[in-house]
Amino acid sequence: MGLLSDPNRRRALINLLTRLNAPICGMPVDWLVKTMQARGLEVFTQSFSRTLPFPDENKERYMVKGTNVYGILRAPRAPRTEALVLSASCSPGDENNQAVGLLLGLAQYFRNQIYFAKDLIFLVNEHDLIGMQAWLEGYHHTNTTGMDWTPLHGRGGSIQAALSLELNSHVVTSLDLVLEGLNGQLPNLDLANLFYAFCQKLSVLCTIEGKLQRNDWDSVSGYSQAVQTMMLMVMKQASGRPWGDHGLFLRYHIEAATIKGINSFRQDKTDATTIGRLLEGMYRKLNNLLERLHQSYFFYLMPSLSNFVSIGYYMPAFGLLAVILLLRALDLWVQLVTPPPRNEERVNDIAQSCPGVLSILIPLVISHLTGVALYMLPVRFQEMAVEHFPVSETEAVVLTAIAVYTAGLALPHNTHRYSSEGTEQGWRVLKLVAVLYLAVLLGCTALINFSLGFILALTLVPVAAFVTPHVPKVLSAFALVFLSPACTLLFSVFFYQELQEMPVSFQDGWILYLSVISQGILDHYLYGSLVYPLIALLVYPCWLLFWNILFWK
Amino acid sequence: MTLFTLLFLLSSCLLVYCINIEDNVGQFFSSGHTNNWAVLVCTSRFWFNYRHVANTLSVYRSVKRLGIPDSHIVLMLADDMACNHRNPKPATVFSHKNMELNVYGDDVEVDYRGYEVTVENFLRVLTGRLPPSTPRSKRLLSDDRSNILIYLTGHGGNGFLKFQDSEEISNVELADAFEQMWQKRRYNELLFIIDTCQGASMYERFYSPNLMALASSQVGEDSLSHQPDVGIGVHLMDRYTFYLLEFLEDIHPASKTCMNDLFKVCPKSQCVSTPGHRTDLFLRDPGSVLVTDFFGSVRKVEITMDSINLTSVVSHRKEEPAANGELQKEVYSYSDQLPVSEIIHQ
C-alpha cells in the first residue's frame with residue numbers, strides 16, 4: 001500500500017532519475033511530451049516570450065523565450081471541476097532534474113489509482129517564475145504583465161491547491177518549506193501543518209527558513225532560534241517577492257507552497273521514495289478536500305514549524321505604533337485650533353495665522369513629482385545613462401534610482417524659493433497632513449503585507465513624530481536619512497545575511513544591495529509586485545514631506 | 001389394575017401437558033406485537049462522514065439478517081459512499097479495517113437517498129402524512145401491533161440532530177412526532193437508538209408510552225469513532241455501533257437475549273463515552289423483552305398435535321327470514337380512523 005511498494009515501480013523511478021542526471025541543453029520539450037504521453041497523461045505545451053525592461057544579472061537573462069509542458073491526469077470517475085497542480089521548474093543545466101524525475105514517477109503511480117476525485121496537473125515550467133506567470137495567466141485568461149503567450153489548449157477545472165518542487169542536488173538530507181509569496185501573501189496555515197504532519201509521520205527532517213525543529217523551545221537558545229526564524233520570515237515577507245514558484249499561485253486564491261530539498265551533508269539521507277511517499281500522502285489529503293482550504297489562518301508568522309503567531313497577536317503591536325502618529329496629529333490639531341497667547345505681537349500673529357494653501361500644496365506636489373520621477377526615470381532613461389557612463393543597463397537603472405533619491409534631499413532649499421515665507425502655522429499644518437498621510441499609508445500597507453508595514457512603521461514613525469523645524473538640524477537630518485526607506489533596505493540586507501548565518505563584508509553587502517534594488521524593480525515589471533511602486537510613489541514622497549518640515553524656514 | 005394405573009398416569013400427563021400448552025399459549029401473545037418495522041436514518045453527507053453511512057448499513061444488515069424484510073425497512077442514507085469518487089474500493093462500504101465486512105452487500109435497498117433525507121421527510125415517514133403518490137417502499141405502514149426500531153446517526157448536539165449540514169431536528173419535535181404516532185396507534189412498542197455526540201439529550205423529552213431509548217453518549221460527551229482505515233483513508237465506524245454490531249452478530253432469530261444485555265453494550269472502557277438508556281415509559285420489564293422483539297421479525301411458531309380451546313369471539317346469529325321473505329343483510333360501516341370523540345372524552 002503506498003508509492004513504490006512495488007519493486008517494478010521503484011526500478012522505473014530510479015531509471016528515470018539516472019537518465020535525467022545527464023546534462024540537458026535547454027528544455028527537452030519533445031522528450032517530456034513523449035514521456036508524459038507514455039504515462040497516459042493528456043499533454044499540452046505553451047510557448048511564451050518576454051523582453052525584460054533591463055537585463056537580469058542574477059539569472060543572466062534579458063530576452064526570455066520558453067515553453068511550458070504540462071500533462072493532465074484526469075480523475076477516473078469525477079467530473080472535471082477541480083484540479084491540483086504539481087510543478088517542477090526545468091532550467092538549462094541539470095539543476096532541478098531530480099524534481100522533474102520525481103514528478104514523472106508520481107504521475108505514473110497516480111495514473112494507476114482510482115481514488116482521485118480531482119484532476120492532477122503535472123507542470124514543468126521553463127525559466128521558473130516567468131514561465132509560471134505565463135502559465136497561470138493563460139489558465140485564468142488574464143494578462144496583467146504584458147507577457148506574450150500562446151493560449152492553453154487543455155484545462156482542468158478550478159485549481160484547489162498547488163505544490164512546487166525544487167530538488168537542487170542529487171542528495172537530499174532535509175526538506176525545507178517555503179511559504180512566502182508575491183506581495184507577502186501566505187498560503188493557508190493548514191498547508192504548512194499538512195506538510196509538517198507528513199514529515200513527522202515519515203520521519204523526514206523538515207525545516208522552515210532553513211532552521212531545524214528542536215524540542216527545547218523554552219530554553220534561551222531555543223527562544224533565540226525561534227526569534228531568528230520569525231525575523232527571517234518577516235524579512236522575506238517584506239521584500240514582496242515570490243520566494244518559490246508557488247508564490248504566483250496565491251494571487252488567484254490557490255493555496256500553494258514550495259518544497260525544497262536541501263543537502264546539508266548529514267549522515268542520514270532521504271531518498272526519492274520517501275519524498276514520493278510524502279507527496280503522495282499530501283496529494284491524497286488534498287484530494288479528500290471538499291472545499292478550498294479556509295479553516296485556518298491566512299495571516300501568520302512562524303517561529304517554527306510547530307508554532308505560529310496569528311494576526312490577532314501581532315497586529316496590536318503595529319496598532320500601537322500607528323497610535324503614536326494619531327496622537328501626534330491630535331496634538332498638532334489642538335495646537336492649531338487654540339488661539340495664540342495674547343501679547344504685544346498679537347497683530348503680527350493674526351496676520352500670519354492663516355498659512356497659504358500654496359505653502360502646503362507646493363511641498364506635497366513637489367514630493368510626489370519626485371516620487372513619480374523615482375518610479376519612471378530609472379527604467380526610461382537607461383539607454384541615455386548607458387551612452388554617457390561606462391555602466392551596464394542594470395547598473396544604470398539602479399544608480400539612476402539612487403541618484404534621484406539623493407537629489408530629492410536637495411529639494412527643500414529649492415521649494416522655498418517658490419513659496420511665500422513659511423509660517424509657524426504653516427509647518428504645523430503640513431506636519432498634520434504628513435502624519436495623517438503616513439498613518440493611513442502604513443495602515444493600508446500593514447493590512448496587505450504586515451511585515452513591510454511593520455518595518456516601515458518601526459523606522460518612520462519615531463522620526464515622523466519628533467521632527468519639527470526647531471530640533472537640532474544636523475542631528476535630525478542624519479537620523480532622518482538613516483531611517484529613510486533606502487537606508488532601511490541597506491541595513492535589512494546586512495541583517496538578513498546575519499540571520500542566515502552568512503555575514504557579508506561591506507563591499508559584498510553593497511553589491512547585494514544594488515542587486516536587491518534591481519530585483520525589486522524587475523519583480524514589479526514581471527510579476528506585478530507592489531513594493532517598488534509603493535516605496536517610490538507613496539512612502540518616499542511622504543518621507544520627503546518630513547524632510548521638508550525639518551528644513552522649514 | 002395396571003391398565004387403570006397406566007390410564008390414570010396417561011391422563012394426568014396429558015392434563016399437565018395441556019396446562020403447559022395453555023401456559024405457552026398465554027406466553028405466545030405476551031409481547032403483543034405481530035409485525036416488525038425498522039426506520040434507519042443516516043443524516044450526514046460528505047466523504048469524511050463515511051462512518052455514519054457504515055453505521056446505518058451495519059444495523060440494516062443485522063435487521064435484515066434477523067428477518068425483517070426490505071418491505072418493512074425504511075432506509076434513509078444522506079450520501080452515497082459506495083460510489084463516491086474518492087472510494088478506493090468502489091461499490092463497497094466497510095465496517096472494519098482490513099476490510100473484513102462489506103456492509104453494502106448485493107441487495108441493499110435504499111428508500112430515501114441523498115437530498116431526500118430531510119427533517120420533513122423523516123417526520124412525514126414517522127407520522128404517515130405522505131402525499132398519495134408516495135410509493136409503498138417509502139412509507140411506514142405500521143399499525144397498532146407493530147414493533148418499530150428507529151436508528152439515527154450523524155452529528156448532533158445538546159437537544160438536536162443535524163440533517164445534511166443545513167437543518168436540524170430538535171428533541172421536542174421528535175417527542176411530538178412519537179406522540180402523534182401513539183395517538184394514531186402507529187406502534188405497539190418503539191425502540192429508539194441514537195449514535196451521535198450528546199445523544200442522550202434526544203430522548204430526554206419523550207412522553208409517550210411504550211418507548212425505550214438507547215444513546216451512545218450522555219449530554220456533554222462526544223461519541224467517538226473507531227479506527228481509521230489507511231487504505232480507504234477515513235474512519236470506518238463509530239465505536240458504539242461497532243460494538244453494537246459485534247453484539248448483534250451473535251444474535252440469531254431464536255435467541256432469548258433480552259434488552260438488559262443490549263444496555264450493557266459498549267461500556268465506558270470501550271466507548272470512552274457513557275452510553276445511556278431510558279426505560280421509564282416502557283410498560284413491560286426490560287428484562288423480559290427480547291432483542292429479537294425489535295431487531296428481528298420473528299414468527300412465533302410452535303408445533304403441537306393437541307387441540308387448543310380458544311374462547312369463541314364470533315357469535316353465530318341464526319339467519320331469520322325477513323318479513324318480506326328476503327334475506328336481510330346487515331349494513332356495515334367503517335370505524336373511525338381517528339376516534340376523536342373517544343380521545344376528547346378521555
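Two strands are taken to pair if DSSP finds at least two bridges between them. On that basis, and in what is a predicted model, three strands of chain B form an open sheet in the order β5-β6-β7, with antiparallel pairing. Strands β5 (155–157) and β7 (167–170) of chain B stand at the edges with a single partner strand each, so one side of each is left without a neighbour in the sheet. From one strand to the next, the twist averages 30°. Strand β6 (residues 160–163) of chain B is joined to β7(B) by four bridges, the two strands running antiparallel, and within this pairing Leu161(B) has Ile169(B) as its bridge partner in β7(B).

Chain A also contains an open sheet, built from 10 strands in the order β5-β1-β2-β4-β3-β6-β10-β7-β8-β9, and here the pairing is mixed. Its edge strands are β5 (148–149) and β9 (211–212) of chain A, each of which pairs on one side only. Inside the sheet, strand β7 (residues 174–178) of chain A and strand β8 (residues 206–208) of chain A run parallel and are joined by three bridges, with Cys206(A) in β8(A) as the bridge partner of Leu175(A).

The structure holds 23 salt bridges over all chains, and the table lists some of them.

| Glu42(A) | Arg74(A) | 3.1 Å |

In the salt bridge of Glu42(A) with Arg74(A), Glu42(A) lies in strand β1 (residues 42–56) of chain A and Arg74(A) in the loop between β2 (61–73) and β3 (82–90) of chain A, so the pair ties together parts that are 32 residues apart in sequence. Glu42(A) is partly exposed at 28% relative accessibility, whereas Arg74(A) is buried at 17%. Glu116(B) is partly exposed at 31% relative accessibility, while Lys138(B) is buried at 19%.

A network of salt bridges links Asp56(A), Lys59(A), Arg61(A) and Asp128(A). Asp128(A) has a positive phi of about 20° although it is not a glycine; its place is in helix α4 (residues 128–140) of chain A, and at 16% relative accessibility it counts as buried, because the limit for that class is under 20%. Val272(B), likewise not a glycine, has a positive phi of about 65°, but lies in the loop between α7 (268–271) and β10 (276–278) of chain B and is partly exposed at 44%.

On the surface, Val323(A), Leu326(A), Leu327(A), Leu330(A), Trp333(A), Val334(A), Val337(A) and Leu436(A) form a nonpolar patch with about 750 Å² of accessible area together. Helix α8 (residues 311–337) of chain A gives the most to this patch, with seven residues. Leu330(A) lies in that helix and is exposed, with a relative accessible area of 52%. According to the unreviewed UniProt entry, the annotation "transmembrane region" covers several spans of chain A, including residues 311–330 and 530–552. Residues 311–330 of chain A are 100% helix, with end C-alpha atoms 27 Å apart, and residues 530–552 of chain A are 87% helix, with end C-alpha atoms 32 Å apart.

Technical notes:
Residues are numbered from 1 along each chain as its sequence is written. Chains are lettered from A and ligands numbered from 1 in the order in which they are written. This is a predicted model: local features need pLDDT of at least 70, side-chain atom pairs count only at pLDDT 80 or more; totals for chains, interfaces and linings use all residues. Side-chain values use heavy atoms; hydrogens and water are left out. Patches are made of residues with over 30% relative accessible area and no salt bridge: like charges are joined within 9 Å, nonpolar side chains (Val, Leu, Ile, Met, Phe, Trp, Tyr) within 5 Å. Accessible areas come from the Shrake-Rupley method with a 1.4 Å probe; for residues, only the protein chains shown count as cover. A salt bridge is a side-chain nitrogen of Lys or Arg within 4 Å of a carboxyl oxygen of Asp or Glu. Buried means under 20% relative accessible area, exposed over 50%, partly exposed in between (1.4 Å probe, protein chains only). UniProt positions are given in the numbering used here, feature names are shortened, and annotations may be inferred rather than shown by experiment. Axes are lines fitted to C-alpha atoms, for helices over the stretch in contact, and angles run from 0 to 180 degrees between N-to-C directions.
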